[in-house]
Amino acid sequence: MKDSYTQIVNSTLGKKVAGALGLPQPVELRRYEPGQDLLKDQKVLLIGDDASDNLAETLLGWGLEVRRHPEAHTRYGAIIVDFTSAAQPSDLQRPALAVGSALRSLGSSGRVLVLGRDSTSGDTPELVATQAGVVGFMRSLAHEMRKGATCNLLSIAPGTATHSDAVTGPLRFFLSSRSAYVSGQPLTVGSGHAETPSDADHPVEGKVAVVTGAARGIGEAIVRRLSDDGAKILLVDVPGAGEALTKVANSVGGRALQLDITDPKAGQRIAEAAQQHYGRLDIVVHNAGITRDKTLANMDESKWGSVLAVNLASQLAMNRQLLDSGVLGSTPHVVSLASTSGIAGNRGQTNYAASKAGIIGMVSAMAQEFQKAGGTINAVAPGFIETDMTKAMPTVTREVARRLNSLQQGGRPEDVAQAVGFLVSDAAGCINGQTLRVCGQSMVGA
Ligand code: NAI
């Protein structure tokens, strides 16, 4: 749905009025287009010690101009700061203040990428505390971003080099406009096998994907994203949505499967269809979901039961059946749709929040099993997304919800689809069991 306020405050008069009254001034975000430059401004300031030289080489290989020290009269497309060797609180000051001194030179839709070190059991309390400090630094700095800029963190397992494929795939996602609506988020780069796609515009070329709830909304956006990114797609939705499903399937040259995912054999049916049409399955996107909102005092069995059955129990069963079916390729990637309601809770959504929090638990619990199978399982938690669901909200509630994030606007289904597209690519092969929020750094559950 159109965000008229954002359009108005971006007119010459609108800018003046909003500035004078201290009103939110959201900007049009720079969103991905094929063949687009990685950054709006090509200069990158890389703050770090000598160990960052190899990362600088990688950035040069991406066509970026790397600067190792702040320079006057320069506009940066991105600032990358490496805290991976910070082990004492005093190690934070120099790099943090160096970022600060360069912030006014960050261009619109710029990127700040913070690199930290994931903690392990043998770490000293000083190191753990210092690295926890890096997370707090990133989250606060993200709140200070302006003009569509974002700030995110990669927390890297000890022993993993910042220029390795494990890190550069996620780094590229966060730098690119594919992450336009992701800010204030940490991702941990762990073990596993990551590979940089040979063609950045087609990161899932030749892969076979299934997307549930594919007939409309976010599911349809995910189908279009994965198709544009090179995948062949099996589209699943309930028989009642059959006509819309066929239309979307035909538009991307995919295969439609009318199926209720609460069918006890849904996983087997998907495995059989994928086998029949494509010979295997590489990507599973559990997008189908429902809401049946009521305060708990007014909740009945049907509202509670259906939400838990569709949103959570079905996915647990399908994952088990897909793992057992032998249809999964050598690097299977699964992504489930969670929600910020599952993180923060929401009045009238005890059933929905239970199911979405359950998803976050599920991906964490199944990560090891999928890693053994050569792959990953993660979740994406959207915040306020401009869909039919949010269009139906009362105007004032919608307007407040839209502005309650650092980017001061709602996201689009394509923003969620981009995050899904990244997590199902081999570039994200070392990200596992995690939940990535696509919420513009929503204040809800922050
Ligand atoms: P939507 O209601 O527009 O589309 C959901 C699709 O899932 C529909 O096509 C529906 O027919 C299908 N579906 C429902 N039950 C099914 C079943 N038993 N078997 C097969 N297909 C089934 O929803 P929307 O807004 O596109 O949301 C997609 C996902 O994103 C959901 O999991 C939702 O909970 C989640 N989400 C959405 C947010 C938003 O702002 N729209 C925010 C946070 C999470």
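Histidine 73 is exposed, its relative accessible area being 84%. This residue of the predicted model is found in the loop between β2 (65–67) and β3 (76–82), and its phi is near 55°, a positive value in a residue other than glycine. Most residues other than glycine have a negative phi. A positive phi also occurs at glutamine 408, where the angle is near 60°; this residue lies in the loop between α14 (395–403) and α15 (413–423) and, with a relative accessible area of 25%, is partly exposed.

### Domains and their contact

The chain is divided into domain 1 (1–28), domain 2 (31–189) and domain 3 (208–438). The C-alpha centres of domain 2 and domain 3 are separated by 29 Å, and the contact between these two domains draws on 21 residues from domain 2 and 23 residues from domain 3. About 1,900 Å² is buried between domain 2 and domain 3, with carbon and sulfur atoms giving 59% of that area.

On the polar side, 2 salt bridges are counted between domain 2 and domain 3, and the count of residue pairs in polar contact between them, both residues at pLDDT 80 or more, is 8. The elements α5 (125–143), α6 (165–175) and β6 (186–189) each supply at least two residues of the side of domain 2 that touches domain 3, and α6 gives the most, with 6 residues. Sorted by class, that side of domain 2 has 12 nonpolar, 6 polar and 3 charged residues. Arginine 31 and aspartate 415 meet through their side chains in a salt bridge, with an N to O distance of 2.8 Å.

How many of the 11 residues of α6 are buried? The number is 9, so α6 is largely enclosed by the rest of the structure. The buried residues in α6 are Ala166, Val167, Thr168, Gly169, Pro170, Leu171, Phe173, Phe174 and Leu175.

### The start of the chain

Aspartate 3 lies in the segment before α1 (4–9) and counts as buried, at 13% relative accessibility, because the cut-off for that class is under 20%. Leaving aside residues up to four places away in sequence, aspartate 3 touches Glu386, Arg402, Arg403 and Gln409. Lysine 232, by contrast, is 229 residues from aspartate 3 in sequence and 33 Å from it in space, C-alpha to C-alpha.

### Salt bridges

Side chains of opposite charge can pair when their charged atoms come close.

| Residue with N | Residue with O | N to O distance |
|---|---|---|
| Arginine 31 | Aspartate 415 | 2.8 Å |
| Arginine 412 | Glutamate 28 | 3.8 Å |
| Arginine 68 | Aspartate 53 | 2.6 Å |
| Lysine 207 | Aspartate 426 | 2.9 Å |

The salt bridge between arginine 412 and glutamate 28 links distant parts of the chain, since arginine 412 is in the loop between α14 and α15 while glutamate 28 is in the loop between α2 (12–21) and β1 (43–47), 384 residues apart. Both partners have some accessible area: arginine 412 is partly exposed, at 33%, and glutamate 28 counts as partly exposed, at 42% relative accessibility.

Arginine 68 and aspartate 53 also form a salt bridge, one that links arginine 68 in the loop between β2 and β3 with aspartate 53 in helix α3 (residues 53–61), 15 residues apart. Arginine 68 is partly exposed, with a relative accessible area of 25%, and aspartate 53 likewise counts as partly exposed, at 38%.

Key. Residues numbered from 1 in each chain as written. Predicted model: local features only at pLDDT ≥ 70, side-chain atom pairs only at ≥ 80, totals over all residues. Heavy atoms only, no water. Domains from an automatic or database assignment. Contact = heavy atoms within 4.5 Å. Buried area = accessible area lost by both parts, 1.4 Å probe. Salt bridge = Lys/Arg side-chain N within 4 Å of Asp/Glu carboxyl O. Polar contact = N/O pair within 3.5 Å; in protein donor to acceptor, adjacent residues only side chain to side chain. Helix = DSSP H or I, 4+ residues; strand = E, 2+ residues; numbered from the N terminus. Nonpolar A, V, L, I, M, F, W, Y, C, P; charged D, E, K, R; others polar. Buried < 20%, exposed > 50% of the residue type's maximum accessible area, 1.4 Å probe, protein only.
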